[in-house]
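Here's a quick briefing to read alongside the model. Have the sequence and the 3D view open as you go.

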Amino acid sequence: NHRLVYLTLADVRSYLEEIAEQDLGTQQIGITGGEPFMNPDIIAILNAALARGYSALVLTNAMLPMMRKRVQTGLLDLQARYGDRLTLRVSLDHHSAALHDAERGKGSFARSLKGMEWLRDQRIKTTVAGRTTWGESESDARHGYAQLYLKKYYKYQNY
């Protein structure tokens, strides 16, 4: 889509029909952005994919667009109907606020964590995409993320 506008539900329905007609063996529909939750049709788009039996993966920053009441209500409905077939992958550029904020803007780390905590509390399947940056080894990055999760999410470690 090179129109520089959001995909519409009609666009996605057309793509889903094409997948079915060509018997492509697709199992998962991935949705990226920018920020997918800025798209006014995102909940309907996810529903269309999930209703056809696909799993859906949404790459998000878990910040303000996802935290709007309409989006949260839609996510809760999708999770209730489709369970673990819906996964949100949160982009967290670093396990420290200072370095994440250096990349995404002041306060973005706290906003992302708030969104991640909401997803955790709702039991919406969530993964995190982190990265090694600023000369950090993979081992150090993994340790930093593990410490963040233990501190913020320890009560759900068996989830």
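Let's start with Arg120: at 14% relative accessibility it counts as buried, where buried means under 20% relative accessible area, exposed means over 50%, and partly exposed is in between (1.4 Å probe, protein chains only). Arg120 forms a salt bridge with Asp121, with the closest N and O atoms 2.8 Å apart; a salt bridge here is a side-chain nitrogen of Lys or Arg within 4 Å of a carboxyl oxygen of Asp or Glu. Asp121 is partly exposed, at 38% relative accessibility.

Some ground rules: this is a predicted model, in which local features need pLDDT of at least 70 and side-chain atom pairs count only at pLDDT 80 or more, while totals for chains, interfaces and linings use all residues. Residues are numbered from 1 along each chain as its sequence is written, and side-chain values use heavy atoms, with hydrogens and water left out.

**Salt bridges**

- By the rule above, the count comes to 5 salt bridges, and the Arg120 to Asp121 pair is one of them.
- Arg81 forms a salt bridge with Asp77, and their closest N and O atoms are 2.7 Å apart.
- Arg81 and Asp77 sit 4 residues apart in helix H4 (residues 69-82), so about one helical turn separates them. Helices (H or I, at least four residues) and strands (E, at least two) are DSSP runs, numbered from the N terminus.
- An α-helix has 3.6 residues a turn, so residues three or four places apart point the same way.
- Both ends of this pair are partly exposed: Arg81 has a relative accessible area of 45%, and Asp77 has one of 36%.
- Arg142 forms a salt bridge with Glu138, the closest N and O atoms being 2.9 Å apart. Both residues lie in helix H7 (residues 138-153), 4 residues apart, or about one turn of the helix.
- Arg142 is exposed, with a relative accessible area of 58%, whereas Glu138 is partly exposed at 48%.

- H2 is mostly covered, with 7 of its 10 residues buried: Ile42, Ile43, Ile45, Leu46, Ala48, Ala49 and Leu50.
- Those buried H2 residues pack against H1, S1, S2, H4 and S3.
- Just after H2, Gly53 takes a positive phi of about 100 degrees.

- Setting aside neighbours within four places in sequence, Leu88 is in contact (heavy atoms within 4.5 Å) with Phe37, Val58, Thr60, Met66, Leu75, Leu119, Ile124, Lys125, Thr126 and Thr127.
- Arg89 is in strand S3 and is partly exposed at 31% relative accessibility.
- With neighbours within four places in sequence left aside, Arg89 is in contact with Leu57, Val58, Leu59, Thr60, Thr127, Val128 and Ala129.
- Ala141 is in helix H7 and is buried, at 4% relative accessibility.
- Again leaving aside neighbours within four places in sequence, Ala141 is in contact with His95, Arg131, Thr132 and Glu136.

**How H5 meets H6**

- The axes of helix H5 (residues 97-104) and helix H6 (residues 108-122) come within 8 Å and cross at roughly 105 degrees. Axes are lines fitted to C-alpha atoms, for helices over the stretch in contact, and angles run from 0 to 180 degrees between N-to-C directions.
- H5 makes the contact through Ala97, His100, Asp101 and Arg104, and H6 through Ser108, Phe109 and Ser112.
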